[in-house]
Amino acid sequence: MKFKKATALVLSAATVASMVTACGSGSKTETKTTSKKSESKEVTLTVWGPQEDQSDENGKWLQTECENFAKEHSDWKITFKYGTCSEGDAGKNVTKDPTAAADVYMFANDQIGTLVNANAISELGGETVDKIKKSNSDAVVNSVTYKDGIYGVPFTGNTWFMYYNKDVFTEDDVKSLDTMMQKGKVAFQLSNGWYIGAFYAANGATFFGKDGQDEKAGIQLGDNASQVTDYLIDAVASGKLVNDADGSGLSNFGKGIDAFFSGSWDYQNAQKQIGADKLGVATLPTINIGGEAKQMKSFGGSKAIGVNPNCKNQEVAVALASYLGSTKAQEDHYKTRNIIPTDTSIDVKSDVLATVQAETIDKNSILQPSFKAMGNWWDPAAAMGNNILSGKITKDSSAEQTAKLQEQINASAVD
């Protein structure tokens, strides 16, 4: 892999001024450094990240980056304590008791609202924010923005797209799901709210406004949403669109399943399943609704590094978070685990996976909302998918059940 020249975005204790706001409590804490060397002090930081980033197989990326950070800040005598917590579980685990949780942790951006409400994440400011804005696309910056504040240092995109068998589909075929269903069998996570929303978004559904930042707007499926439900009923009945449950899409890829939808985390597994030569990767296809081709849109967001406002050493914690999301750390992450960087200075244009993920986030996605009310979507949407799959929802009841879904997802639009 080749990279453009890039300077690690490291917060120097001698030159950088950082600011964090302890959200929820209304208090503001500013940590600043001067042109003089910071006073030597002993610091203990608890850092949480996924198991994969701490395994020998992947070079213990998290421990390695933390140790490198400590070497570059020798005036801070840092002791690290590590814990295992996936980005998807951070919102749940950190908010159980923020005062006892990690000082620095990795999280998925849709959890920001929950973390803010629990006083479990710091708003970033100063040069830290300047670097985030300079190093990332607008879509990525928006993903860590909540009520005009920035609450994490992004390090990779978080969305899903399509894997397909080149022996079955051409590059033109995969532009249309309808064409694909004529030629092969497609697995899709219809019983998962994170996925099924892409069909309704294609037909104009909005999640907290067009930009995903209007909490009062709630989730609106649109006037013709039942057309989407009808489309799914027909697709399931055809036998060409099957539910991808418990990893069945991947496990049967090349063995009756010709395409499935997932994220970058399944790239290596998909290669092993059918071979690199047969594996195709593409952004989301269109679907035909009312005689018109409409673009499916996944939820697009990011994974980021957050700082706990209850941490006793905010200056050090913010500096570490910035380092873990720096150019050099993202390059290392990409080399060890193929974690696609968000830093736009890193050249990954030759990587088809990175290209497809970027295209999906920038063009064929809607912002993954961070509002707590987004929690109203997941279970009802999953139930909708399950009821379509089981045949409980038919075309006769489609309009009624779609209206019921609309009512459920806005039962308490603003907490």
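Student: Which strands does helix H13 lie across?

Tutor: In this predicted model, helix H13 (residues 352-363) lies across E10 and E16, and runs at about 135 degrees to E10.

Student: What is the strand order of the open sheet?

Tutor: A sheet is read strand by strand. Here 5 strands follow the order E14-E11-E15-E10-E16, with mixed pairing. Strands E14 (241-243) and E16 (279-282) stand at the edges; each has a single partner strand, so one side of each is left without a neighbour in the sheet. From one strand to the next, the twist averages 30 degrees.

Student: How many bridges join E10 to E15?

Tutor: Strand E10 (residues 161-165) and strand E15 (residues 259-262) run antiparallel and are joined by 4 bridges. Met162 stands opposite Phe261 in E15. Helix H10 (residues 267-274) also packs on the sheet, where it touches E10, E15 and E16; its direction makes about 145 degrees with that of E16.

Student: Is helix H7 largely enclosed or exposed?

Tutor: Burial is read residue by residue, with under 20% relative accessible area as the cut-off. In H7 (residues 193-202), 10 of the 10 residues are buried, so the helix is largely enclosed by the rest of the structure. Among them are Trp194, Tyr195, Phe199 and Tyr200.

Student: Which residue caps the N-terminal end of H7?

Tutor: Asn192 does, with a side-chain oxygen 2.9 Å from the backbone nitrogen of Trp194. Just after H7, Gly204 takes a positive phi of about 105 degrees.

Student: Why does Gln330 count as buried?

Tutor: Gln330, in helix H12 (residues 327-337), has 2% relative accessibility, so Gln330 counts as buried. The Gln330 side chain reaches the backbone nitrogen of Thr342 at 2.9 Å. Beyond neighbours within four places in sequence, Gln330 has contacts including Pro154, Phe155 and Ile346.

Definitions and conventions
Residues are numbered from 1 along each chain as its sequence is written. This is a predicted model: local features need pLDDT of at least 70, side-chain atom pairs count only at pLDDT 80 or more; totals for chains, interfaces and linings use all residues. Side-chain values use heavy atoms; hydrogens and water are left out. Buried means under 20% relative accessible area, exposed over 50%, partly exposed in between (1.4 Å probe, protein chains only). Helices (H or I, at least four residues) and strands (E, at least two) are DSSP runs, numbered from the N terminus. A polar contact is a pair of N or O atoms within 3.5 Å; within protein, one must be able to donate a hydrogen and the other to accept it, and residues adjacent in sequence count only if both atoms are side-chain atoms. Contact means heavy atoms within 4.5 Å. Two strands pair if DSSP finds at least two bridges between them. Axes are lines fitted to C-alpha atoms, for helices over the stretch in contact, and angles run from 0 to 180 degrees between N-to-C directions.
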